[in-house]
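Welcome! Try each task yourself before reading the solution.

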Amino acid sequence: MVIVALLVILLMILILPLVNRHIEHNIEYFLFAMGVAAAFVSGVFSYDLIAHIFKNHLLYLITAAVFLSGLLFEIFKNKFKKFIGTVVTHIPLKIFVFLVIIILGLTASIITAIIASIILVEIIHSLPLKHKDKVVITVIASLSIGMGAALTPIGEPLATIVTSKLNESFLYLFTTLGIYIIPAVLALGFLGLLYINKLEKSSLIIEENYVEEAEEIKKIERFQFIFIQAFKIFVFILALELLGAGFKPIIDNYIIHLDSRLLYWINMTSAVLDNATLAAAEISPAMTTEQIQAILMGLLISGGMLIPGNIPNIISAGKLNIKSREWALVGIPLSLIGLVIYFIIHFVV
C-alpha cells in the first residue's frame with residue numbers, strides 16, 4: 001500500500017501542475033505539500049528529518065543568492081540592460097545566445113550552477129525577445145548549465161555526492177562524463193543559435209521589445225516580489241528534500257537493483273525528484289564506468305524536462321515567471337531527444 005500511495009503521489013506531481021492553473025501558479029507550495037505527504041506515507045517524516053533538511057547549507061545559499069541577485073539587478077538593471085543592448089548591437093543576437101549557452105554551460109562546474117543560473121536570468125531579462133521565445137532559450141540554457149555543472153564536485157550537489165561516494169579525484173567526473181557533456185553543451189548552443197536565426201528570418205525579434213520588457217521588469221522586480229520569489233525558492237528546495245526522503249523506499253527496494261538500461265529510463269523521475277538523492281542511492285563503487293556513465297547521463301538529461309528537475313530550472317523559472325506547462329512543452333521533447341541520442345550512443349553504438 002505504501003508503494004501504491006507513493007506512485008499516486010508521483011502521478012499527481014507529474015500531471016496536476018500541467019492541467020490545473022491554480023496549482024501551476026503555486027507549484028512550490030503544491031510540491032511542498034506532496035513532499036510532506038510522501039514523507040508521511042513512507043514513514044520517514046520526523047524531527048530528525050526536518051533537522052537534517054534545515055542543516056543543508058544549500059537551502060540558505062541558493063535562497064540568499066536569488067534574493068541578493070534580485071536586489072542587485074533592481075539597482076543596476078538599467079546599466080545591465082544598456083550593456084546587453086550594446087553587446088547585441090555589435091554581435092549578432094544568434095551568436096550572442098550561442099555564446100551565452102556554451103559559456104555558462106562549460107563554466108558552471110567552476111562558478112556553480114547557482115551563479116550560472118543567476119547570470120542567465122539577468123541576461124534573458126534583457127534580450128529583445130517575446131516571453132515564449134525567452135522560455136525556449138531559458139530551457140535550452142538551463143539544461144546546458146545543469147549538465148555542465150556536473151563536470152566537477154563544485155558545480156552542483158549531484159557531482160559532489162558522486163565524487164565523494166566513489167572516493168574519486170576532483171577531475172573524475174570531467175574525465176568520465178566530459179566526452180558526452182561537452183559535445184552536448186555545444187549542441188545546445190547551436191540549437192539556441194538555430195532558434196534565434198529562425199526568429200530573425202521570420203522578423204519576430206522586435207527592437208521595441210526592449211522598452212516593453214523594461215516596463216514589465218519595472219512592474220515585477222519590486223522588493224516585495226523579490227522577497228516572495230526568494231521565499232518560493234526556499235519552499236521549492238524544502239519540497240525536493242522531502243520528496244527525496246519520501247520516495248527513498250521505492251528507490252532502495254525496487255530501483256537500485258535494476259539493469260543499467262532500465263535505470264537509464266527510470267531516472268526520468270529526476271524530472272520531479274532530486275537528482276542528487278537518486279545518484280546517492282544508485283551509484284556504487286562496485287559499478288563499472290559504463291554503468292556510472294549511463295546512470296548519471298540519464299539523470300542529467302532528464303533534469304531538463306520539468307521545473308523541479310534541477311537547480312537552474314528552479315531559479316530561472318521562478319525569476320522569469322515561467323509556468324510548468326510552458327517549461328514542459330519545451331523541456332520534455334528536448335530532453336527526450338537527448339535521452340534517445342545518448343541511449344543509442346552508449347548502449348547501441
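**Exercise 1. Overall form**

What radius of gyration would a compact globule with 349 residues have, and what does the protein chain have?

Solution. Keep in mind that this is a predicted model. Step one: a compact globule with 349 residues would have a radius of gyration near 20 Å. Step two: the protein chain has 20 Å, which agrees. Step three: turn to the box filled by the C-alpha atoms, which is roughly 55 × 45 × 35 Å along the principal axes. Step four: look at the secondary structure, where the protein chain has 17 helices and zero strands.

**Exercise 2. Annotated regions**

Find the spans that UniProt lists as "transmembrane region", and look at two of them in the model.

Solution. Step one: the unreviewed UniProt entry lists residues 31-51, 58-76, 96-123, 135-155, 170-196, 225-247, 294-315 and 327-348 under that name. Step two: take residues 31-51, a span that is 81% helix and 0% strand, with its end C-alpha atoms 19 Å apart. Step three: take residues 58-76, where the end C-alpha atoms lie 26 Å apart and the span is 100% helix and 0% strand.

**Exercise 3. Helices α3 and α11**

Describe how helix α3 (residues 27-42) and helix α11 (residues 223-246) cross.

Solution. Two packed helices are described by the angle between their axes and the distance between the axes. Step one: the axes of α3 and α11 come within 8 Å and cross at roughly 25°. Step two: angles under 35 degrees count as roughly parallel, so α3 is roughly parallel to α11. Step three: the crossing of α3 and α11 is left-handed. Step four: find the contact, which on α3 includes Tyr29, Phe32 and Val36, and on α11 includes Phe231, Val235 and Leu242. Step five: sorted by class, the residues of this contact of α3 with α11 are 16 nonpolar, three polar and two charged.

**Exercise 4. Helices α7 and α17**

Solution. Step three: the crossing of α7 and α17 is right-handed. Step four: among the residues that meet are His131, Val135 and Leu143 in α7, and Glu326, Trp327 and Leu334 in α17. Step five: the contact of α7 with α17 has eight nonpolar, five polar and one charged residues.

Definitions and conventions:
Residues are numbered from 1 along each chain as its sequence is written. This is a predicted model: local features need pLDDT of at least 70, side-chain atom pairs count only at pLDDT 80 or more; totals for chains, interfaces and linings use all residues. Side-chain values use heavy atoms; hydrogens and water are left out. A crossing is left-handed if the near helix is turned anticlockwise from the far one by less than a right angle, and right-handed if clockwise. Helices (H or I, at least four residues) and strands (E, at least two) are DSSP runs, numbered from the N terminus. Contact means heavy atoms within 4.5 Å. Ala, Val, Leu, Ile, Met, Phe, Trp, Tyr, Cys and Pro count as nonpolar, Asp, Glu, Lys and Arg as charged, and the others, Gly among them, as polar. UniProt positions are given in the numbering used here, feature names are shortened, and annotations may be inferred rather than shown by experiment. The radius of gyration is taken over C-alpha atoms; the globule rule is 2.2 Å times the number of residues to the power 0.38. Axes are lines fitted to C-alpha atoms, for helices over the stretch in contact, and angles run from 0 to 180 degrees between N-to-C directions. Angles under 35 degrees count as roughly parallel, over 145 as roughly antiparallel, 65 to 115 as roughly perpendicular and the rest as oblique.
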